[in-house]
Amino acid sequence: MSETEPQRPLVRRAEDVTYEDVDAAEGMRKGVLVSAADGAPHFAIRRFTLAPGAHVPKHTNEVEHEQYVLAGEYTVGLRTDSGEEEHVVSAGDSLLIPAGTVHWYRNDGDEEGAFLCAVPNGDDAIELAEE
């Protein structure tokens, strides 16, 4: 979409979202709900699922993440100035993961976890972190 084209509203039906496996994160899948490709000027919204037993290794992202847990219960790890913390999150919980923060996910439960993730549009370099 060029800057001269008017922004258009969008309604995307759940059945029209394509999910893909996330590289280096066995058991995690991602569906892009809204992005720059749809004319969203500032943010993308993605939906992730974490299968039972899924583990996402420690990594960083170049951009911030705002997340909202939709379903299930899983562990989110965060490296902070005071060390590494793990938090069990469930439906209704929200997270802010600043750019460059080492973080990871683990689903030790029997149910799939799911969350929404909002990120700024643009490039995002993902780097695996040392364990």
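**Entry 1. Glu84 and Arg79.** I looked up the pair Glu84 and Arg79 and found that their side chains form a salt bridge, with 2.9 Å from N to O. The model is a predicted one, and I read the distance as a computed value. I then asked how exposed each partner is. Glu84 has 42% relative accessibility and counts as partly exposed. Arg79, at 33%, is also partly exposed.

**Entry 2. Salt bridges and charge in the chain.** I next looked up the total, and the count comes to six salt bridges. For the charged side chains I recorded 10 positive and 27 negative. The centres of these two sets lie 5 Å apart.

**Entry 3. Arg12 and Asp38.** Another of the salt bridges joins the side chains of Arg12 and Asp38, at 2.7 Å from N to O. I asked which parts of the chain this pair ties together. Arg12 belongs to the segment before strand E1 (19–21), while Asp38 sits in the loop between E2 and E3, so the bridge connects parts that are 26 residues apart in sequence. I checked the exposure of both residues. Arg12 has a relative accessible area of 31% and is partly exposed. Asp38 is likewise partly exposed, at 25%.

**Entry 4. Ser35.** I stayed with the loop between strand E2 (28–34) and strand E3 (43–50), where Ser35 is also found. Is Ser35 buried or exposed? I found a relative accessibility of 15% for Ser35; the cut-off for buried is under 20%, so Ser35 counts as buried. I listed its contacts, leaving out residues up to four places away in sequence: Ser35 touches Ala40, Phe43, Ala44 and Asn121.

**Entry 5. Arg46.** I moved on to strand E3, which contains Arg46. I then looked up what surrounds the residue. Beyond four places in sequence, Arg46 touches Lys30, Gly31, Val32, Leu33, His65, Phe115, Leu116, Cys117 and Val119.

**Entry 6. Arg106 and Asp108.** I turned to strand E9 (residues 103–106), in which Arg106 lies. The side chain of Arg106 meets that of Asp108 in a salt bridge, at 2.9 Å from N to O. The exposure classes of the two partners were my next item. Asp108 is exposed, with a relative accessible area of 57%, whereas Arg106 is partly exposed, at 23%. I also asked what Arg106 touches beyond four places in sequence. The contacts of Arg106 are Ala54, His55, Tyr74, Thr75 and Glu86. I recorded one C-alpha separation as well: Arg106 and Val56 are 50 residues apart along the chain, and their C-alpha atoms are separated by 6.3 Å.

**Entry 7. Ala24.** I looked up the backbone of Ala24 and found phi near 65°, a positive value in a residue other than glycine. I noted this angle because most residues other than glycine have a negative phi. Ala24 lies in the loop between E1 and E2. With a relative accessible area of 58%, Ala24 is exposed.

**Entry 8. The chain as a whole.** How many helices and strands does the chain have? I counted zero helices and eleven strands, and the pattern along the sequence reads β-β-β-β-β-β-β-β-β-β-β. I asked what radius of gyration the chain has. The chain has 15 Å; a compact globule of 131 residues would be near 14 Å, so the two values agree. Along the principal axes, the C-alpha atoms fill a box of roughly 50 × 30 × 25 Å.

I then looked up burial and surface. Buried residues make up 34% of the 131 residues. The chain exposes about 8,100 Å², of which carbon and sulfur atoms supply 48%. My last item was the sequence range of the contacts. Among contacts between residues at least 6 apart in sequence, 66% join residues at least 24 apart.

Notes: Residues are numbered from 1 along each chain as its sequence is written. This is a predicted model: local features need pLDDT of at least 70, side-chain atom pairs count only at pLDDT 80 or more; totals for chains, interfaces and linings use all residues. Side-chain values use heavy atoms; hydrogens and water are left out. Helices (H or I, at least four residues) and strands (E, at least two) are DSSP runs, numbered from the N terminus. Buried means under 20% relative accessible area, exposed over 50%, partly exposed in between (1.4 Å probe, protein chains only). Contact means heavy atoms within 4.5 Å. The radius of gyration is taken over C-alpha atoms; the globule rule is 2.2 Å times the number of residues to the power 0.38. Accessible areas come from the Shrake-Rupley method with a 1.4 Å probe; for residues, only the protein chains shown count as cover. Lys and Arg count as positive and Asp and Glu as negative; His and the chain ends are not counted. The place of a charge is taken as NZ of Lys, CZ of Arg, CG of Asp or CD of Glu. A salt bridge is a side-chain nitrogen of Lys or Arg within 4 Å of a carboxyl oxygen of Asp or Glu.
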